[in-house]
Amino acid sequence: MVRGWGPSVRYQPRWPGWGGKVVDRELTVTVETASEPAGSWPVVRVAGEVDILTSPILDQKLQGVLDQGQSSVLVDLGEVTFLDSTGLSVLIAGLKRCQSTGGELRLVSPRPNVRRVLEITGLTETFHIADDGEKAD
């Protein structure tokens, strides 16, 4: 007599100290306000992996900048090691919020792997992207 579709033995990992945690994701987002009053944009510097677990942090920081009355912002992606679709969604939402107030959201210094994600998704046509801290004119 067959019960179920397979053996009833549970898989037990054989690695010592295995606690089920695969990756410890960390994201650091800092906001630098410009010292010049006119024509200067705040810079949101992002470091780490932007994924489903960490993208709310970026979204909160971007929203905070806009809540302070800024309409344009630079997002420095120079230290981003990974960017998934939820991270892209946060950037797109930020862009839309900036545009709704007459401003812009520009991306600065994406690493080659992050730039590739932007290219594959066609977002290089949507965002102004610059290298080395330029404003992407």
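The structure is a predicted model, in which local features need pLDDT of at least 70 and side-chain atom pairs count only at pLDDT 80 or more, while totals for chains, interfaces and linings use all residues. Residues are numbered from 1 along each chain as its sequence is written, and side-chain values use heavy atoms, with hydrogens and water left out.

The protein chain contains three helices and five strands. Helices (H or I, at least four residues) and strands (E, at least two) are DSSP runs, numbered from the N terminus. Along the sequence, these elements follow the pattern β-β-α-β-α-β-α-β. Of the 137 residues in the protein chain, 35% count as buried. Here buried means under 20% relative accessible area, exposed means over 50%, and partly exposed lies in between, with a 1.4 Å probe and protein chains only. Contact means heavy atoms within 4.5 Å. Among contacts in the protein chain with a separation of 6 or more, 65% come from residues 24 or more positions apart.

The five strands form an open sheet in the order 1-2-3-4-5, with mixed pairing. Two strands pair if DSSP finds at least two bridges between them. Strand 1 and strand 5 are the edge strands, each pairing on one side only. Neighbouring strands of this sheet are turned against each other by 25° on average, direction ignored. Axes are lines fitted to C-alpha atoms, for helices over the stretch in contact, and angles run from 0 to 180 degrees between N-to-C directions. Helix 1 packs on the sheet and touches strand 1, strand 2, strand 3 and strand 4, and its direction makes about 10° with that of strand 1. Helix 3 lies across strand 3, strand 4 and strand 5, and runs at about 105° to strand 3.

Strand 4 comprises residues 105-108. In a regular strand, side chains alternate between the two faces of the sheet. Leu-105 and Leu-107 point one way from strand 4, Arg-106 and Val-108 point the other way, and all are buried. Strand 3 (residues 73-83) pairs with strand 4 in the parallel sense over four bridges. The bridge partner of Asp-76 in strand 4 is Val-108. Between strand 3 and strand 4 the chain passes through helix 2 (residues 85-100), and this β-α-β crossover is right-handed. A crossover is right-handed if, with the strands pointing away from the viewer, the path from the first strand over the helix to the second runs clockwise. Strand 4 also runs parallel to strand 5 (residues 128-130), and three bridges join them. In strand 5, His-128 is the bridge partner of Arg-106. The chain crosses from strand 4 to strand 5 through helix 3 (residues 112-120), again in a right-handed β-α-β crossover.

The expected span of a helix is 1.5 Å times one less than its number of residues. For the 13 residues of helix 1 (residues 55-67) this gives 18 Å, and the end C-alpha atoms are 18 Å apart, which agrees. Ser-55, Leu-58, Leu-62, Val-65 and Leu-66 are buried in helix 1. Seen down the axis, these buried residues fall within an arc of 100°, so they line one face of helix 1. The arc is that of the directions from the helix axis to the C-beta atoms. Gln-60 and Asp-67 are exposed on the other side of helix 1. The cover over the buried residues of helix 1 includes strand 1 (27-32), strand 2 (43-50), strand 3, helix 2 and strand 4. Gly-69, which follows helix 1, has a positive phi near 95°.

Helix 2 has 16 residues and reaches 22 Å from its first C-alpha to its last, close to the 22 Å expected. Its buried residues are Gly-87, Leu-88, Val-90, Leu-91, Gly-94, Leu-95 and Cys-98. They cover an arc of only 160° around the axis, which puts them on the same side of helix 2. Ser-85, Lys-96 and Ser-100 are exposed on the face turned away from this buried side. The buried residues of helix 2 are covered by elements including strand 2, helix 1, strand 3, strand 4 and helix 3. Just after helix 2, Gly-102 takes a positive phi of about 85°.

Pro-110 lies in the loop between strand 4 and helix 3 and is buried, with a relative accessible area of 8%. Not counting residues up to four places away in sequence, Pro-110 touches Leu-77, Arg-115, Leu-118, Ile-129, Ala-130 and Asp-131. The C-alpha atoms of Pro-110 and Asp-131 are separated by 7.2 Å, although these residues are 21 residues apart along the chain.
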